[in-house]
Amino acid sequence: MAEHSRTNVVEGTPLGDLGRRLATRRTQLGLSRRETAERAGMASSYLRYLEEHPGAAPGTGPLTRLAEVLKTTVNDLTGGTVTLPPGPGRAARAPEFTELSPEDCRSLLSSHGVGRLGVPTASGPVIVPVNYSVIDDAIVFRTAHGATPSLAAGCQVAFEVDHIDDAFSQGWSVLVRGHARTVADPDEERRLAARAYSTPWAGGKRTMWVCIDPYTLTGRRIRV
């Protein structure tokens, strides 16, 4: 299971849902277009066509071979599972369940993405997704004043990230517990904005920076 992109191997501009999924998945695995095509028994020009033409409609055979090479499923490549939560597959036979070292946790956490923030509220704890960055070992995200994630400021919180590989019934999760604080210094706000991996996916005016300083970091992995 590849957890990080080893190199930037996206050639051309992937277009359409299938093209973007193909290019994203092979980049996650560190495969060039040529390597992927050779392993799938097809011409590189055909894979380029699939990635760069929104109307491309390959048959079951090519899709099945690509799914095998990319260690995923035809449903994932064609978007058949986009509205489902991760993990609908069945458990693998004899899975290995292990603890992650702090170094592994930091490495997985720093890959950036979307995490789940546990926030205390007046009516009880709430879990909300936020897209985050890791800067100087702290988890930072941008939100709007009054929004649920903003309630984390000044509290002890839990923050969780994970990856689920449905094709192989394996994955990992990292749990962070720490203190959340509001970033009030304008210079620090500018520094975070310059180094953040992404702007908020939700869009809109989100000018409040929240920083989580971890005090415990634990993780688990399920491997086949």
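Contact here means heavy atoms within 4.5 Å. By that criterion, and leaving aside neighbours within four places in sequence, Thr143 is in contact with Pro149, Ser150, Arg206, Thr207, Met208 and Val210. The model is a predicted one: local features need pLDDT of at least 70, side-chain atom pairs count only at pLDDT 80 or more, and totals for chains, interfaces and linings use all residues. Residues are numbered from 1 along each chain as its sequence is written, and side-chain values use heavy atoms, with hydrogens and water left out.

**Overall layout**

- The chain has seven helices and seven strands; helices (H or I, at least four residues) and strands (E, at least two) are DSSP runs, numbered from the N terminus.
- Read from the N terminus, the order of elements is α-α-α-α-α-β-α-β-β-β-β-β-α-β.
- Of the 224 residues, 37% count as buried, where buried means under 20% relative accessible area, exposed over 50%, and partly exposed in between (1.4 Å probe, protein chains only).
- Among contacts with a separation of 6 or more, 65% are between residues 24 or more positions apart.

**Strand pairing**

- Two strands pair if DSSP finds at least two bridges between them.
- E2 and E5 run antiparallel and are joined by three bridges, with Leu117 opposite Phe159 in E5.
- E5 and E6 are also antiparallel, joined by ten bridges; the bridge partner of Ile164 is Gly171 in E6.
- E3 and E4 pair in the antiparallel sense over three bridges, and Ile135 has Ala138 in E4 as its bridge partner.
- E4 pairs with E7 as well, in the antiparallel sense and over five bridges; Val140 stands opposite Cys211 in E7.
- In a regular strand, side chains alternate between the two faces of the sheet.

**Strand E4 and Thr143**

- Five of the six residues of E4 are buried, so the strand is mostly covered.
- Thr143 belongs to strand E4 and counts as buried because its relative accessibility is 2%.

**Nonpolar cores**

- A nonpolar core is a set of buried Ala, Val, Leu, Ile, Met, Phe, Trp, Tyr and Cys residues joined through side-chain atoms within 4.5 Å.
- The largest such core has 23 residues, of which Leu109, Leu117, Phe159, Val174 and Ile212 touch the most other members.
- At least two residues of this core come from each of helix H6 (102-109), strand E2 (113-119), E3, E4, strand E5 (156-165), strand E6 (170-182) and strand E7 (208-223).
- Apart from this core lies another, of 16 residues, including Leu29, Ala37, Leu50 and Val69.
- Leu109 is in contact with Tyr132, Val134, Ile139, Phe159, Val161, Val176 and Leu217, when its neighbours within four places in sequence are set aside.

**Cavity**

- On a 1 Å grid over the protein atoms alone, a cavity is a set of points where a 1.4 Å probe fits but cannot get out; lining residues have an atom within 4 Å of a point.
- Grid points are joined across faces, edges and corners, and a volume is the space filled by probe spheres set on the points.
- The structure holds one cavity of 30 Å³ or more, and the largest cavity has a volume of about 70 Å³.
- Its lining consists of Asn131, Tyr132, Ser133, Val140, Phe141, Arg142, Ala196, Ser198, Thr199, Pro200 and Trp209.
- Strand E3 (126-135) and strand E4 (138-143) are the elements that give two or more residues to this lining.
- The lining divides into six nonpolar, four polar and one charged residue; Ala, Val, Leu, Ile, Met, Phe, Trp, Tyr, Cys and Pro count as nonpolar, Asp, Glu, Lys and Arg as charged, and the others, Gly among them, as polar.

**Loops and backbone angles**

- Most residues other than glycine have a negative phi.
- Lys71 is not a glycine, yet has a positive phi of about 55°; Lys71 is in the loop between helix H4 (60-69) and helix H5 (74-78) and is partly exposed, with a relative accessible area of 41%.
- E3 and E4 form a hairpin with two residues between them, and Asp136 in the turn has a positive phi of about 50°.
- Asp136 counts as exposed because its relative accessibility is 53%.
- Ala202 is in the loop between helix H7 (186-195) and E7 and is exposed, at 59% relative accessibility.
- The C-alpha atoms of Ala202 and Asn131 are separated by 9.1 Å, with the two residues 71 apart along the chain.

Note on methods: 1 Å grid on protein atoms, 1.4 Å probe; cavity = no way out; pocket = protein on both sides within 12 Å on 5 of 7 lines; lining within 4 Å.
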